[in-house]
Amino acid sequence: MNALVASPAHRTRVLRALGVVPWRRRAVAAVEPVAQPVTMELPSSTSVVVVLPQGCTVRELDLLGRALCAFGPNLARAARIEVTDATQVPHAQAYLVFGQAQAHALGRALPADVMRDAHIVLADAPNELLSQAASKRRLWHALRSMRRALGAAGSP
C-alpha cells in the first residue's frame, strides 16, 4: 500500500480550504511563574449557597456533589463555600448548611435581614453522611425541602 506524504505547506493549504484551524502547542515557559495567593471570588448574590465545614475529604465531597447533581442544575451549580468567622458570605435566597458549627458561623456572617428573607436548611455534617443511614435520609429530606423552596420562589 502506497502512502502519500504531503508537505507541511500542502497540509496547511488543504486545512485552510476545509475551514479547519490547526492548533499549535504553546512553547513551555522556561521561567517558573511566581506563586500568587489563591483568592476565591464569590458572586455578590446567588440563588443557592452550600456551606461546608473545613477539611472535607474527597469521598465526602464526592457524595455531596452527586447528591446535589441529583436534584437538578440549580443545586448542582450552587456556590460551595467554607465559612469561618472572617469569611464574607454572598447573599442568597437559600442556604444549605452542613453541620451545626457551620450554621452558627453563617449566623454570625450574615446580616439579620438577609437571614430573615433566606431559606436556610440544616443537614448533618458530611462525615456523618458516610457512616449513618439516618443522616443520608435527612440529607435527602433537606434537598427536597430546598428544591421546593426554590421552586416556590421562582414561580409568581
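## Exposed and buried residues

A residue is called exposed when its relative accessible area is over 50%, buried when that area is under 20%, and partly exposed in between. With these words in hand, the salt bridges of this predicted model can be described, and the count comes to three.

## A pair within helix α2

Another salt bridge links aspartate 62 to arginine 66, and the closest N and O atoms of this pair are 3.1 Å apart. Both residues belong to helix α2, which covers residues 58-70, and they stand four residues apart, which is about one turn of the helix.

How exposed is arginine 66? Its relative accessibility is 59%, so arginine 66 counts as exposed, whereas aspartate 62, with a relative accessible area of 39%, is partly exposed.

## A pair between a loop and helix α7

Aspartate 124 and arginine 138 also form a salt bridge, in which the closest N and O atoms lie 2.8 Å apart. Because aspartate 124 sits in the loop between β4 (119-123) and α6 (126-131), while arginine 138 is part of helix α7 (residues 133-154), this pair ties together parts that are 14 residues apart in sequence.

Key:
Residues are numbered from 1 along each chain as its sequence is written. This is a predicted model: local features need pLDDT of at least 70, side-chain atom pairs count only at pLDDT 80 or more; totals for chains, interfaces and linings use all residues. Side-chain values use heavy atoms; hydrogens and water are left out. A salt bridge is a side-chain nitrogen of Lys or Arg within 4 Å of a carboxyl oxygen of Asp or Glu. Helices (H or I, at least four residues) and strands (E, at least two) are DSSP runs, numbered from the N terminus. Buried means under 20% relative accessible area, exposed over 50%, partly exposed in between (1.4 Å probe, protein chains only).
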